[in-house]
Each structure stands twice: as C-alpha cells, then as structure tokens.
Amino acid sequence: MVGPRLVSVWVLPLILRAGASADVGFRFASYMDNYMVLQKEPAGAVIWGYGISGATVTVTLCQDQETIMKKVTSVKAHSNSWMVVLDPMKPGGPYEVMAQQTLGRTNITLRVHDVLFGDVWLCSGQSNMQMTVSQIFNATRELSNTAAYQSVRILSVSLVQAEQELEDLSGVDLPWSKPTSENLGHGSFTYMSAVCWLFGRYLYDTVRYPIGLISSSWGGTPIEAWSSGRSLKACGVPRHGFIPSDSVTGPSEYSVLWNAMIHPLHNMTLKGVIWYQGEANANFNRDLYNCTFPALIEDWRQTFHRGSQGQTEHFFPFGFVQLSSYLSGATSDDQFPQIRWHQTADFGNVPNLRMPNTFMAVAMDLGDRNSPFGSIHPRDKQTVAYRLHLGARAVAYGEKLIFQGPLPEKIELLADKGLLNLTYSQQVQVQRQDDKIFEVSCCSDHECKWLPAPMSISSTQTLALNIRSCRGALGAVRYAWTTWPCEYKECPLYHPSSTLPAPPFTALTTNRIPG
C-alpha cells in the first residue's frame, strides 16, 4: 500500500529509560495536556507522570476554584513514575487538574486546564486511517464544520519506532486541541485522521457529551508492526519473512509501532478503539491474518486493562473497517477478498466467538477510481465513519439498531430446481441484478472451478441462485469475492432500511452457513 514518504524517528529505549531514571524532574505523561478529555464514569481516569524518587505527589481536581477530589501517591523508586486513579466522574467540564510534588521543603506544582470528562477513543492503522480531513470529499465544508464540536478534542501521536516497549510517548504531533480547520487538515497523511474525527463527530451527535480522539497511525504498515511479540509468537508468525515493497512502504519490523506508538498509551483509561488496516498484509503473511488480527485485539485489551489498573474494560469495544476496493492492476484478485474474510476471523461478520465485542464497517462499495491519492485511498470517509459509529452505538453503547448488512444463515440446495437457496439473518434488498457477483465451486473429475451463479428469485429474507451451469458436484458458494466487487454504493445487496451493504462471504455448501 502506498503510504506517505515520511522520515522515521528511531528511539533508543535505553536512552529514554536512562533519562527517566536519572533526573526527569516533575511532569505529567507526555500526552496529558490542556484541553484533554479523560474517561468518564463508570471508569476512573488515570493520571500519571514522572517525578523524583520518594517524593509525595498530590493530584487535585478542581472546578471554579472548588476542590472536587484529591488523590495522594508517591514516586516509585525503580521507574521514577507516579500514578493515581480518579474517582469516576460524570461527563462534562471544564476542570483543572493540578499535581503537586513535595520532597522535603520543596514543592513543585503543575496544572492543566480546560479538561473534560467523556469517552476516549483510540484510532489506529495505516494510511486510510491517517488520511486527513483535507483529503476527503467535501473537504472545505468538513474543515469549516467545527463550531458545534468544540467538546470533541483531538490528539495525534508522532510517527516513531522503537525496538523495545516505551512507557511514555517520545513525541506528539498535535497535543490535545479543540478542532480547527488548520489542525483537522494540516496536510496529506499528517493530522487529523478523517475517519477518527468523523467517527467522533457522529458519536458526539448521538451522546451529546465530550469525546476524546487519539490518532496513532502510519501509512503502508503491516499488522506485525502494531503487534506485540507475544501476540506474534502466539500466531506462529515467522521471524524473518520476505516483505514486498509494493504494499509495505512504512515500517515493517515486528512490534516497532506497538512499542513506540501504542504501548506508551496503555496507562490511559479508554472507552474503545477503531482500526483501519490490512492493505499492507494483502501480500504479506496474508494467511496468518485470521490469527494476527484477533490476537492483536486480545493483546491490546489485556495490556490496556492492566496498564489502567483495571479501569479500561477488559473486553473494551474494538471497531474496524473491512477493506475497501481498489484497482489492483497485476495484483491477484484473491488477495483483498481473503484479507476481508480474515478480518472477521473467517466468520464473515462480527462480533463472533473469536472476536467478541467488536464491530465492523463494510467498505467494499466505496471504491474511488479517481482518487488523487490512488484508488487504494478512497475519499468517502464520511460513510466509513458513519457505518463505524452505527457499530459503536450498538456494541459499545447498547443501542438496539441495525449496524451491519445481511449475511446468510442457511444455505439449501434445491437440486431438482437447479437452485441454491440462501436464507438471510435479516431483511435483504436486491438493489440491482448482478449475474457474476455470486459464484459456486463446481467440481468434477477431481477438479473444481468457480462459475457465476446468477441471482434468480428473491423475497424479504431469501435469495435463490441459478446453478444450472454446474454439471458436477456443488462444493461452495461465495459472494463479492473480488478486489473491486461493485461500483460506488452499487453493490447488489443491502439492508433495506439502513443502506448497509451485505458483507462478502464464502461457505462450503456442506456447512450450509458462512465460515
């Protein structure tokens, strides 16, 4: 995947640790600053930083000169760090957070102001997550639409690699800020992430309380760079593999972005994560993605839960974008469909047994042939974010609403009629006829080949496929199994009331259900 050509910054953990353990002075963690959003109730927000070993630190939360609460702790000797967990707070603000270090007769006081309590979401992935608001459709209008969203605060993490896990960020490109046209569209593939911003904006329209958005993404990067060594080992990822330069243009060394851009945030109390990545794995460890992606989710959850002293939910909501379409040229037409399938751990939809408390935005109908950033970077990020926010409302906020398109729950062979009957889990609308988007695997003489299965009869929740072209045994059926399955918002099947496309799937006809 083509990503922005950016100079990488290597951090030597030894130097950082030496600095931290020598005399770091007294400070908040690097991402704690004016205008920040802290996680609201029922969780408690974590406040932490560095100080002088043995000193006492008092953290005070104030509003309008009135003390709301005080927490007292001491600076740990081995790490020179201090940490407190605030009592759960209702959404709102603004507040001031004050930290005072006392050592003997010496007092040092730090303050951050205009702090809000709300929901904090981390946004990560590669360049489709990194694309800024200035790069999307209707950019001028979107950049100017900030006045009503001053309680949606944004932060963007610097692009840094590290060979070992860092405890704090070594850099922040955009500190906590109120949204402006300048910081939402700072430049191409810089800040602020359009998907992240729009997702937060849609959420704010729903919940009507502060939203904190943290963007930590880097174009052209495989999942291995964002994964800990633990999760890669659990999936048997080979230590050394050939890395194709056409799809992996960013850092590819294992764990280097997990170490520098995700792990330093693990003390933070989060509401959830959204993720847009996978293009760089279309031709790199693709067959392992059905393990590496669920393993990443599980490992991030465990790490953030522990780092926040149990305040971030153990199974916090994790949303992701299923890959869109692009003009692949010489690339095999099977790579993107396989990654899309593996993104669901080979179930076809989420949440599922291997990926609990997750939600997915299908994007294969959002292809952009004329994108100036290449068709692999479609500009309609509004629809992506809208579909993601529907999933968040259902999974993270418990609303009863349709947040994903229809998927077959029963497959029945009607051989005497030459039909394969699909029964869907919800209503399905045939938006247009397509004689090639469904295929069946037809087997004879120990050889199987995929043949088109035109759509025939349909009703509210059923669809029949014409399989008369198959003269042998029917082995499997699949839907939208190409890199570019349909034109913009013109896939054949959608949910009738929500314009959510049916996701791609493949299923053995003997199994009778996808997966």
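The side chain of Asp-380 makes a polar contact with the side chain of Thr-383, at 2.8 Å. By polar contact I mean a pair of N or O atoms within 3.5 Å, where within protein one must be able to donate a hydrogen and the other to accept it, and residues adjacent in sequence count only if both atoms are side-chain atoms.

Before I go on, a word on what we are looking at, friends. This is a predicted model, in which local features need pLDDT of at least 70 and side-chain atom pairs count only at pLDDT 80 or more, while totals for chains, interfaces and linings use all residues. Residues are numbered from 1 along each chain as its sequence is written, and side-chain values use heavy atoms, with hydrogens and water left out.

Back to Asp-380, then. You will find Asp-380 in the loop between β16 (358-361) and α10 (381-395); helices (H or I, at least four residues) and strands (E, at least two) are DSSP runs, numbered from the N terminus. The Asp-380 side chain also reaches the backbone nitrogen of Gln-382, at 3.2 Å. What about a partner of opposite charge for Asp-380? Asp-380 is buried but has no salt bridge, and Lys-489, the nearest side chain of opposite charge, is 4.1 Å away. Here Lys and Arg count as positive and Asp and Glu as negative, with His and the chain ends not counted. A salt bridge needs a side-chain nitrogen of Lys or Arg within 4 Å of a carboxyl oxygen of Asp or Glu. As for burial, buried is under 20% relative accessible area, exposed is over 50%, and partly exposed is in between (1.4 Å probe, protein chains only).

Let me move to another aspartate. Asp-168 sits in the loop between β11 (160-162) and β12 (172-177), and Asp-168 is buried, at a relative accessible area of 3%. Its side chain has a polar contact with the side chain of Arg-27 at 2.9 Å, and another with the side chain of Ser-30 at 2.8 Å.

Now for the charged pairs. Side chains of opposite charge can pair when their charged atoms come close. How many salt bridges does the rule give? The count is 16. One of them joins the side chains of Lys-178 and Asp-114, at 3.5 Å from N to O. Lys-178 is in the loop between β12 and α4 (181-184) and Asp-114 is in strand β9 (residues 106-125), so this pair ties together parts that are 64 residues apart in sequence. Lys-178 is partly exposed at 31%, while Asp-114 is buried at 16%. Arg-153 joins in here too: Asp-114, Arg-153 and Lys-178 form a network of salt bridges.

A second pair to turn to is Arg-201 with Glu-142, whose side chains meet in a salt bridge at 2.8 Å, N to O. This pair links distant parts of the chain, with Arg-201 in helix α5 (residues 194-207) and Glu-142 in helix α3 (residues 139-144), 59 residues apart.

Next, the backbone. Most residues other than glycine have a negative phi, and most peptide bonds are trans. Here the bond from Gly-93 to Pro-94 is cis, with omega near 5°, and Pro-94 lies in strand β8 (residues 92-103). Val-350 and Pro-351 are also joined by a cis peptide bond, with omega about -5°. Pro-351 is in the loop between α9 (335-342) and β16. That loop also holds Asn-357, a non-glycine residue with a positive phi of about 60°. Phe-189, in the loop between α4 and α5, is not a glycine either and has a positive phi of about 55°; Phe-189 is buried at 10%.

Thanks, everyone.
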